[in-house]
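Keep the model open as you read.

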Amino acid sequence: MNIDEVAVPGGRLRIARFGDGPRLIIAAHGITASLMAWRAVAEALPPGWSLVAADLRGRGHSADLPGPYGLDRHAEDLERVAEHVGADGTSVLTGHSMGAYVAALHGAHRRYARVVLVDGGLPLPLPPGADPDEVLEATLGPAVARLSRTYPSVDAYLDFFRAHPALADDWSPLIEEYVRYDATGPDGAVRSRAREDAVRQDGRWLLTEHEAIGAALKAVEPAPLLLRAPRGLLNQDVGMLPDDLTARWAAELPSLRDEVVPDCNHYTIVFAPRCAAVVAARLTG
């Protein structure tokens, strides 16, 4: 893994390049995640490929970059990443969870050989009159809760993740590396690097800017491939993008390609080797 920085408004964005192949993948992570979310996928890539992932503004080692946040702002930052690493029409674009929405917004303005949205990217319906912040709390659950907490040690922070229902059965050294990368602060006050204000602002944007997301999806050429996990954020039986929502968007965007990756949940689709291998194959094949 080679670390670099990219100049963006307000400072510098951290990026990492996994691999040294000439074929390039640009990757965006989820709403409380970091560039390390892509490690398992990167390790599954065939020879000749490399993956560049960014710590998005307000996360990881880009946490000190100022707002305003919003998925459109991340898409602008991703354009600077693409320029910095020399992405072109042979490169591939991907994003997981919130990163899939960022990828759609970015991919609407830059041509890639392939765009792959991993368990995200379709506008999520907000019930009439619903408070976006309350919906965010209800859907993200433990992911938001941990941002306002401190932990007595890094090991205690690891224990929080080990007990997560989506990760407990697939715990691995890669997930531990991901958690350690996210941990910051001294013993007695260990916390996530992700900024709670950034997560809340981005979540509100995601839940309220349906038209912008839908327009971006329709503008991506070639039409994206959607990879979905059959299980959700807490390993529940219904995924983040259920069949009925996907069917509605497939009817509106017939060129959208949809594939369910078996035996995965919202997190293990990029963390578990069996799932990451499928993602890597679709990115490169």
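The paragraphs below take the sheet, then the helices on it, then the cavities and pockets.

This is a predicted model, in which local features need pLDDT of at least 70, side-chain atom pairs count only at pLDDT 80 or more, and totals for chains, interfaces and linings use all residues. Residues are numbered from 1 along each chain as its sequence is written, and side-chain values use heavy atoms, with hydrogens and water left out.

Start with the sheet. Eight strands form it, in the order S1-S2-S4-S3-S5-S6-S9-S10. The sheet is open, and its pairing is mixed. Strands (E, at least two residues) and helices (H or I, at least four) are DSSP runs, numbered from the N terminus. Two strands pair if DSSP finds at least two bridges between them. Strand S1 (2-8) and strand S10 (257-260) are the edges, each pairing on one side only. S5 (92-96) and S6 (114-118) run parallel and share five bridges. Here Gly-95 faces Leu-117 of S6.

Axes are lines fitted to C-alpha atoms, for helices over the stretch in contact, and angles run from 0 to 180 degrees between N-to-C directions. H12 (273-284) lies across S3, S4, S5, S6, S9 and S10, at about 160 degrees to S6.

Where is space left? On a 1 Å grid over the protein atoms alone, a cavity is a set of points where a 1.4 Å probe fits but cannot get out; a pocket is an open set with protein on both sides within 12 Å along at least five of seven lines; lining residues have an atom within 4 Å of a point. Grid points are joined across faces, edges and corners, and a volume is the space filled by probe spheres set on the points.

Two cavities reach 30 Å³ or more.

The largest pocket holds about 500 Å³. Leu-124, Thr-139, Leu-207, Leu-233 and Met-240 are the closest to its centre, of 25 lining residues. H4 (132-140) and H8 (196-208) each supply at least two residues of this lining. H4 gives the largest share, five residues.

Terms used. Contact means heavy atoms within 4.5 Å.
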